[in-house]
Amino acid sequence: MTPPGATVPTETQLPAGVPATASVPPAGPLTVLVIGAGIGGLSAAIALRKAGHIVHLYEKSAFANEVGAAIHVGPNASRVLGSFGYSEERMSGVECSFSVMLDGTGKTVFTTDNTDAKKNHGSPWYLSHRVDLHSELKHLALSPDTSPHPPCILHLSTLVTGVDAEAGTITHTGPSTIPSKGDLIVGADGINSKIRQLAFPDTTPAVPTGFSAFRFVIPTAKLRTDPETAQFGTPDRDGGKLWAMKIAFEKERRIVMYPCRNGELMNFVCIHPDEFREGGKADQAEGYWNTPTNILSLTSVYTDYAKCFQRIFTHLSEGDVTLWQLRTLPPLQAWVKGRLALLGDACHPMMPHLGQGGGQSIEDGAALGVLFPLGARPESVEARLKVYQHVRKERAETVQDFSRKLGMAKKGMGYSAAEVHQYIFSHRVEEYAKQSMSAIFIPPNGAADFGVL
Ligand SMILES: Cc1cc2nc3c(=O)[nH]c(=O)nc-3n(C[C@H](O)[C@H](O)[C@H](O)COP(=O)(O)OP(=O)(O)OC[C@H]3O[C@@H](n4cnc5c(N)ncnc54)[C@H](O)[C@@H]3O)c2cc1C
């Protein structure tokens, strides 16, 4: 689907001065440096490896203690995972068959049946533990068995400290044997992106939204041992076969619950206005995904919720709950510069209300794989990145804006869930990228004519 306002190019034009018969032999694989091996960086690495390029991944952490709770993988993203060759079994996702909106008393306000998501959009709507999704992406990027092309090379505990977008070089803390020059550089280093700051020094850091979320998971078996909470640990739809995502909403606060890991874990995201609203500080710059907090700070926000919700909290131990300050970034002027492309949270962090942070970064990665087929010449990188920006920026920023509107809305956001899901879930990023690419002439010397865009 074409993002609103975007024009799909329809004609091919030769730039002035380019001979119609120009013929230069295709190039070999490009060397691609991907900075950050989160969901976005790994998706780009998989897609570019699949195209036949040599991909180096630089990751500052050691991946020793992988963290995160559950994450949505909508049909728009699971379709891409399908083309990457993922294993449903290894990812252990749970299909999001129903969405149930409750109020703070526990009364059902409305239910949405999502069982036709797969039929309508050609791919399932999964709920996955972030660690399971991340592990599957790592497998697809690094295993010699998942592609005929050489596996991506992962450099762990390697912090990238500098980038020269025009020269295609980086500086990093790893040994000098690790490459620091590439044909294409992908800045996938998350919401506090260093690469964004260095390449686009005028951009501001991500800003607090006035909302934070308590996050924790509880084994569903534990919830089922308690008659008060059994309903939250059970696939209670369609005669006990299908799972629902449930959202208990009351006065700007939400308790969002959905299963992951084959239904063994229930994920909770408790979104609430935070002290930033009252002039507090944005002081969680690093590690804001997992700032430790205590159970009392959670329970004190939901004292007016019904007993069944309060009982959920009694299944927690100190150390189980983390606090995530929700931040956002105004749309950037550009995502690309020279040989550098930003992707994922580095350029479009979004509020979690539509569950699309991961999905949009998977789409970004997939688009790069299409726009850089094997044989793409190093001289054409800059031109191809402009097409990447055309294919991705408006789409991801539209989803970012929907997420912000939904997150900030006191009631509805002015669109029905069905309309928004239709827009988000039906997008076929690889086809859209192919379509955009085939309409543009990129001559071997790399200077494309963007008059058609
Ligand atoms: C630890 C963690 C837990 C998360 N948990 C959840 C969750 O439970 N639910 C949810 O919906 N979303 C979660 N997210 C966010 C979600 O994964 C992202 O919104 C989405 O997947 C887009 O990811 P990304 O790849 O763009 O960025 P990120 O997921 O932030 O990945 C960026 C990667 O870059 C690495 N990095 C950063 N700077 C450098 C540097 N200078 N050099 C080298 N490497 C660098 C980071 O270590 C990280 O691995 C989490 C993200 C992180 C990092």
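1. A salt bridge here is a side-chain nitrogen of Lys or Arg within 4 Å of a carboxyl oxygen of Asp or Glu. Arg311 and Asp226 meet in one, at 3.0 Å from N to O. The pair joins distant parts of the chain, 85 residues apart. Arg311 sits in helix α9 (residues 307–313), and Asp226 in the loop between α7 (220–224) and β13 (244–250). Helices (H or I, at least four residues) and strands (E, at least two) are DSSP runs, numbered from the N terminus.

2. The model is predicted: local features need pLDDT of at least 70, side-chain atom pairs count only at pLDDT 80 or more, and totals for chains, interfaces and linings use all residues. Residues are numbered from 1 along each chain as its sequence is written, and side-chain values use heavy atoms, leaving out hydrogens and water.

3. Buried means under 20% relative accessible area, exposed over 50%, and partly exposed in between (1.4 Å probe, protein chains only). Arg311 is partly exposed at 30%. Asp226 is buried at 5%.

4. The structure holds 14 salt bridges. Another one pairs Asp304 with Arg253, with the closest N and O atoms 2.8 Å apart. Asp304 lies in the loop between α8 (295–299) and α9, Arg253 in strand β14 (residues 253–260). They are 51 residues apart. Asp304 is partly exposed at 41%, while Arg253 is buried at 9%.

5. Lys405 and Asp401 also form a salt bridge, their closest N and O atoms being 2.8 Å apart. Both lie in helix α11 (residues 381–408), four residues apart, about one turn of the helix. Lys405 is partly exposed at 28%; so is Asp401, at 25%.

6. Glu363, Asp364, Arg392 and Arg395 are linked in a network of salt bridges.

7. What surrounds the ligand? A shell of 28 residues does, the closest being Gly40, Glu59, Ala69, Arg215 and Asp345. A residue counts as near if one of its heavy atoms lies within 4 Å. The shell divides into 11 nonpolar, 11 polar and six charged residues. Ala, Val, Leu, Ile, Met, Phe, Trp, Tyr, Cys and Pro count as nonpolar, Asp, Glu, Lys and Arg as charged, and the others, Gly among them, as polar.

8. A polar side-chain atom of Glu59 lies 2.6 Å from a ligand oxygen. A polar backbone atom of Ala70 is 3.2 Å from a ligand nitrogen. The elements giving two or more residues to the shell are α1 (39–51), β3 (70–73) and α10 (357–371).

Note on methods: A polar contact is a pair of N or O atoms within 3.5 Å; within protein, one must be able to donate a hydrogen and the other to accept it, and residues adjacent in sequence count only if both atoms are side-chain atoms.
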